[in-house]
Amino acid sequence: MKNSSNNEIPLVKYEEFLQLFVNHQSKIFGYIITMVPCRSIAEDILQDTLLVMWRKFSDFTPGTNFAAWGVKIARLNILKFYERERNSHIKFNSEAVENISECLSDLNKKDDSNNTEIKALRSCMNKLTEIDQKMITFRYMRKYSIKEIGIHFGRSAHGIYKTMARIHNLLQKCVEREVSISQH
Amino acid sequence: MNDRIKIRINELALKSLENNVTPEEFAELNNYVAESKESAGHYINFIRTYNNISDTGDIIESAQSFLNEAMNEMLWQNLVESENNAQALIEEPEEQVDNTIRIERKAPDRSSTIKVLVRIAAVLIIGFVIIWFDSIARRQAANENLIKIAKLDSTSNAVWQRESNFPVKGEWLWTGNYYLKQGFVELTFSNNETVVVEAPTKFSLRTPDSIFLHHGQVYATVPKEAIGFTIDTENAKIVDLGTEFGVYSDINGNTDLHVLKGKTQLLARKAESSNNTEIVVAGKARRIRPETEDIKEIKLNDQLFVREFDDTTGKLWKGENLNLADIVSGGNGFGEGIPDKGVDIQSGHLVQVLDTSDMIDGTPFYVVVEGSPYIDGVFVPGVIADSTQITSSGIKVKDIPKTDGKYWGYIFNGAWHDSHNVARHNLVLDGRPIPNDIPAITMHSNLGITFDLSELRKNLPNVDIKSFKTDFGISETMSILIDDKDFDFGEGPAAMNLKKTRKPSVDLWVFLDGKNIYKERISCFSPLYDIEVEIDNAGQYLTIVVSESDDGWGLDWAVFKNPQLVLSKKH
């Protein structure tokens, strides 16, 4: 592919690129936010990654794993972020990165189970108590901040974080259980 | 790994995701993840669940927009470079003649021009492609499964931006952004919450029980079972607590909340303290300004928002009641009538020039009013003892006793009297003349009028008529005559009674489908009667009668001040 520096308009390629990205965006973003667990930083890294992916799209071999190729570029951008933002405290050390990478690699070896997980998650959300469901709805569907949820329930932000963490744990356990049942 | 550690990892990761984690806390998270693959696996599971629950669509959308902008910039940059680098051309003369002067000037070569045109076309095409892909990506990113959010129940002259992409009446609106440029639409959400959107309004639908108002105005009616319905704006969050309320948000970031029924919780989104939240109850209004984020009290405007509209006639309802004075003068109850116009009792015609010089002898016949669909007819009560027909369908009532069968004037929109022995003047209740701009119906004894409620309901099918409400009395100006020593009271027991009491009185009757639902004897100088009578939803004919009491018909200058049908949105 000729990129924009060749003064040609890679229209068809751009369409192809966007379509591939739409299909694999959640994996690429998932990788970034796992390695850098901060929404605003992950957003910046995703933007840089997308731009590099497009510029280097000529290097991508059609038919190969687009998500894996995107993750490779994302990894380089994360390293750049680590170098650039030396003072940022949101940085895993090499042991943590190694553990995360190994776990992700194990996950990739399995079949893509995200759709099964989403189905399980829906079912699990229905099993939560009414108050827990309300918290999840307020936080993720209505996009209340933790502080706003605290105001609504008359509790501190600290307490809400703890409650949300507990609810997430319930959901994780339930999803694991349901996915496991569905695979047998 | 026990649950306590798992929950702690979740808590730390959650804080980190929201950029709310301290260096010490992140170091703790790092330690857990570095410590074992099991902890790292739990952390990854948490992130997966978080991504599956939370909407990361805005982040992905923002990255795509970034790429699109970069793409456009690159393309235009190339275009400019191409123009600047174009080769100079030696122009050939059109005709080969001797001594041709060869002119050298800089101009784009043909291949360059073609390239430029191709690029311009490509930029345009790419623009469309980007929009198209953006739309696909946006929808996919906004939600794993694009979901139906609200049904478009009614529309009136609705024009959407990019109209072809938007639904018509009866169709569903899905998660996404919408911009209503003109007209009105009513959306019904899953728990029967209804929201009337008035153009120009830009809004987003993201979850089944909320709406994000970027700018514009909406009116929400939320049934009890849907408590918790939310309207978000750029700087406020309004959570319903069982209510009806309107929200106006301007492009400068001001948010106004007007609560008409029930109560809501209002939160300033960027609230720095818990003081920036308030329960706002019916009859109250609040504003959040963008610069301060403080909640300020403002005056309630209960007719600011369109609450209902008729999609065939285009009639709008902003919470006002139906004005019966407007109806008796040929209007629809919302101001179409003409002051001083009224119904002629003998012909049933709506007339503008009223001849009020003398008393008239009535007949026992019910007179249908053809000139207004909302008035069934008029009549003179008690001409025949115990049998007065009060509807065109033939309903007769026995409640009203025999009267003299005489009446003065018309049933008209206004509050004044004149006759051969008194000059025209505004009627007076409770010591105050009724101003011309206050809706009023003058109705001397012995007169009756029947309104057809079913015709009125047709205009606004989603609105209930809750009650008939009015102030009522006999004008104190009758003292002009009663205090005149030459005034002729006439003869007979009734006249003698009036002469004795010097306080003329009437019987006021209200019937619904022939059933008497209100009756009161009211005399002049009584305290002002503030009357409200409930109306059954099934009722069709509302009849109001003013008949003489035991003191005859003389000086019964009765008047309804602010006669109205109280409306309420159907639930």
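Is B:Asp386 buried or exposed, and how many other C-beta atoms are within 10 Å?

A: Happy to take you through it. This is a predicted model, in which local features need pLDDT of at least 70, side-chain atom pairs count only at pLDDT 80 or more, and totals for chains, interfaces and linings use all residues. Residues are numbered from 1 along each chain as its sequence is written, while chains are lettered from A and ligands numbered from 1 in the order in which they are written.

B:Asp386 is exposed, with 12 other C-beta atoms within 10 Å. For these words, C-beta atoms are placed from the backbone; a residue is buried if 20 or more others lie within 10 Å of its own, exposed if 12 or fewer, and partly exposed in between. B:Asp386 is not a glycine, yet its phi is positive, about 55 degrees. Look for B:Asp386 in the loop of chain B between strand S21 (375–379) and strand S22 (388–389). Strands (E, at least two residues) and helices (H or I, at least four) are DSSP runs numbered from the N terminus.

B:Leu555 also has a positive phi without being a glycine, here about 65 degrees. B:Leu555 counts as buried, however, with 28 C-beta neighbours inside 10 Å. The loop holding B:Leu555 runs between strand S36 (541–548) and strand S37 (558–569) of chain B.

Why point these out? Most residues other than glycine have a negative phi, and most peptide bonds are trans.

Now for the peptide bonds. B:Ala199 and B:Pro200 are joined by a cis bond, with omega about -5 degrees, and B:Pro200 belongs to strand S6 (residues 194–205) of chain B. Another cis bond leads from B:Ser445 to B:Asn446, where omega is near -5 degrees. B:Asn446 sits in the loop between strand S30 (440–442) and strand S31 (447–452) of chain B.

As for the setting, chain B has nine helices and 37 strands, and 42% of its 571 residues count as buried.

Finally, a word on confidence. The mean pLDDT (the predictor's confidence in each residue, from 0 to 100) of chain B is 81, and 81% of its residues reach 70 or more. Over residues 86–145 of chain B, pLDDT stays under 50, and the model has 59 contacts for them beyond four places in sequence; a contact means two C-beta atoms, placed from the backbone, within 7 Å. Where pLDDT is low, the predicted coordinates should not be read in detail.
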